[in-house]
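Subject: Structure handover

Hi,

Here is the structure I promised to pass on. Please open it first, then read my notes below.

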Amino acid sequence: MEKIMADQAEQLRELMKARTEAKNEKKTRIIAISSGKGGVGKTNVSINLALAYAQLGKKVIVLDADLGLANVNVILGIIPKYNLYHLIRKQKSLKDIILDTQYGIQIVAGASGFSKIANLSDEERDTFIEELSDLSSADIIIIDTSAGVSNNVLDFIAASDDAIIITTPEPTAITDAYGIIKIIATEIENMNLGLKLIVNRVKSVTEGKKVAERVINIAGQFLNLKVDYLGYIYDDPTVSASVIRQKPFLVLDPNAKASICIKHIVGRLEKVEFKEGGGVSRFLKKLMGRR
Ligand SMILES: Nc1ncnc2c1ncn2[C@@H]1O[C@H](COP(=O)(O)OP(=O)(O)O)[C@@H](O)[C@H]1O
Ligand SMILES: [Mg+2]
């Protein structure tokens with residue numbers, strides 16, 4: 001399994017590289033969003049992270065790779081005509097199923113209730129990987145994966161530059177976050193993969209920090225693995241309100257606590273330092289200044 005995984009990741013990277021060189025374009029950053037436990041906020045983070053990137057002028061595609069409970073389109077209030085199902089069944093090509101949205105990001109809708117093939121065949125996965133490389137004109141591809149570990153989730157993570165693991169302060173979510181980190185560490189041979197952690201639904205900065213320290217310390221101690229703390233997102237009623245209204249919270253209220261947190265996280269992903277009350281860089285000013 002390890003070997004296959006490494007081969008496929010390698011194959012995808014080669015494809016991406018070849019295309020990038022051919023078109024003389026800059027590299028696409030692939031970010032996988034995962035979690036051990038379901039319902040911790042992966043889809044909301046994926047979409048709003050994509051929006052924050054788009055506000056910086058980046059071309060972003062969100063790929064809904066949650067084949068069991070696909071709902072990127074639901075949160076955006078979009079009813080797609082075609083989705084990953086048609087791609088995997090070879091009825092459509094990837095460019096046919098990429099959707100423009102009113103928010104300046106593009107999405108590839110997932111195939112909900114598709115759990116039967118939640119583990120794709122090798123051939124199906126090959127087709128997908130080949131076509132995914134067509135997306136490489138994007139600056140950022142954000143992959144919203146399903147919770148837990150199937151071969152698909154691991155393949156997507158293996159093909160990514162960053163794996164962002166989402167947890168909440170709930171003990172079960174923390175344990176499961178550690179679980180998926182452990183599986184990533186043992187199954188994936190992508191040494192360049194950046195493992196990152198977001199603590200969602202916190203009541204305070206301290207709570208986020210404590211949860212992150214726990215996960216990071218265990219990963220360091222038992223797996224000898226470095227996990228970066230990307231930041232926290234407040235438990236914020238704006239998020240559930242935004243889901244009900246099928247409008248991303250960054251759009252519904254750019255100044256909501258959760259929205260500000262997402263902007264900080266993008267800043268950190270882009271390695272831009274944010275100094276509280278102090279010399280905020282131009283990048284962050286641009287980011288924070290969006291209405
Ligand atoms: N920061 C938050 N504050 C309040 N509620 C949240 C927050 N993040 C997620 N939620 C709630 O959790 C639900 C599940 O989020 P979702 O992004 O669909 O999770 P996942 O994709 O991991 O299953 C949302 O519909 C929302 O009601
Ligand atoms: Mg989801």
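Which residues does Asn-71 touch, not counting residues up to four places away in sequence? They are Thr-43 and Asp-64. Before going further, please note that this is a predicted model.

**Around Asn-71**

Start with its place in the chain. Asn-71 sits in the loop that links β2 (60-65) to α3 (72-76). Asn-71 is partly exposed, and its relative accessible area is 27%. With Thr-43, the link is through side chains: the two make a polar contact at 3.1 Å. Now look at Asp-144. In sequence, Asn-71 and Asp-144 are 73 residues apart. In space, their C-alpha atoms are 9.5 Å apart.

**The overall picture**

The protein has 291 residues, and 54% of them count as buried. Its secondary structure comes to 13 helices and eight strands.

**The cores**

The largest nonpolar core holds 64 residues. Leu-49, Ile-105, Ile-142, Ile-164 and Ile-184 have the most contacts inside it. Which helix gives this core its largest share? Helix α2 (residues 42-55) does, with eight residues. There is also a second, separate core of 15 residues. Among them are Ile-30, Leu-63, Leu-67 and Leu-94.

Ile-164 is worth a click. Leave aside its neighbours within four places in sequence, and its contacts include Ile-31, Ala-32, Ile-33 and Ser-34. Leu-49, Lys-196, Ile-198, Leu-230 and Leu-269 are also in contact with Ile-164.

**The ligand**

How many residues surround ligand 1? The count is 15, and the closest are Lys-42, Thr-43, Asn-44, Asn-200 and Asp-236.

- Val-40: a polar backbone atom is 3.2 Å from an oxygen atom of ligand 1.
- Tyr-234: a polar backbone atom is 3.0 Å from a nitrogen atom of ligand 1.
- Asp-236: a polar backbone atom is 2.9 Å from a nitrogen atom of ligand 1.

**The rings**

Tyr-234 comes up again here. The structure holds one aromatic pair. It is formed by Tyr-232 and Tyr-234, with ring centres 5.3 Å apart. Why is the pair called edge-to-face? The planes are at 75°, so the pair is edge-to-face; the cut-off for that is over 60 degrees.

Are the two partners buried or exposed? Tyr-232 is partly exposed, at a relative accessible area of 23%. Tyr-234 has 17% relative accessibility, so it counts as buried; the limit is under 20%.

The charged end of Lys-257 lies over the ring of Tyr-234, 4.4 Å from its centre. Elsewhere, Lys-92 lies over the face of Tyr-82, at 4.5 Å from the ring centre.

**One last stop: Thr-28**

Thr-28 is in the loop between α1 (2-23) and β1 (29-34). Thr-28 counts as buried, at 5% relative accessibility. What does its side chain reach at 2.8 Å? The side chain of Thr-28 reaches the backbone oxygen of Ala-138.

Have a look at each site in turn. Write back with any questions.

Best wishes

Note on methods:
Residues are numbered from 1 along each chain as its sequence is written. Chains are lettered from A and ligands numbered from 1 in the order in which they are written. This is a predicted model: local features need pLDDT of at least 70, side-chain atom pairs count only at pLDDT 80 or more; totals for chains, interfaces and linings use all residues. Side-chain values use heavy atoms; hydrogens and water are left out. Rings of Phe, Tyr and Trp (its six-membered ring) pair if their centres lie within 6.5 Å; planes under 30 degrees apart count as stacked, over 60 as edge-to-face and the rest as tilted. Buried means under 20% relative accessible area, exposed over 50%, partly exposed in between (1.4 Å probe, protein chains only). A charge sits over a ring if NZ of Lys or CZ of Arg is within 6 Å of the ring centre and within 35 degrees of the ring normal. Helices (H or I, at least four residues) and strands (E, at least two) are DSSP runs, numbered from the N terminus. Contact means heavy atoms within 4.5 Å. A polar contact is a pair of N or O atoms within 3.5 Å; within protein, one must be able to donate a hydrogen and the other to accept it, and residues adjacent in sequence count only if both atoms are side-chain atoms. A nonpolar core is a set of buried Ala, Val, Leu, Ile, Met, Phe, Trp, Tyr and Cys residues joined through side-chain atoms within 4.5 Å. A residue is near a molecule or strand if one of its heavy atoms lies within 4 Å of it.
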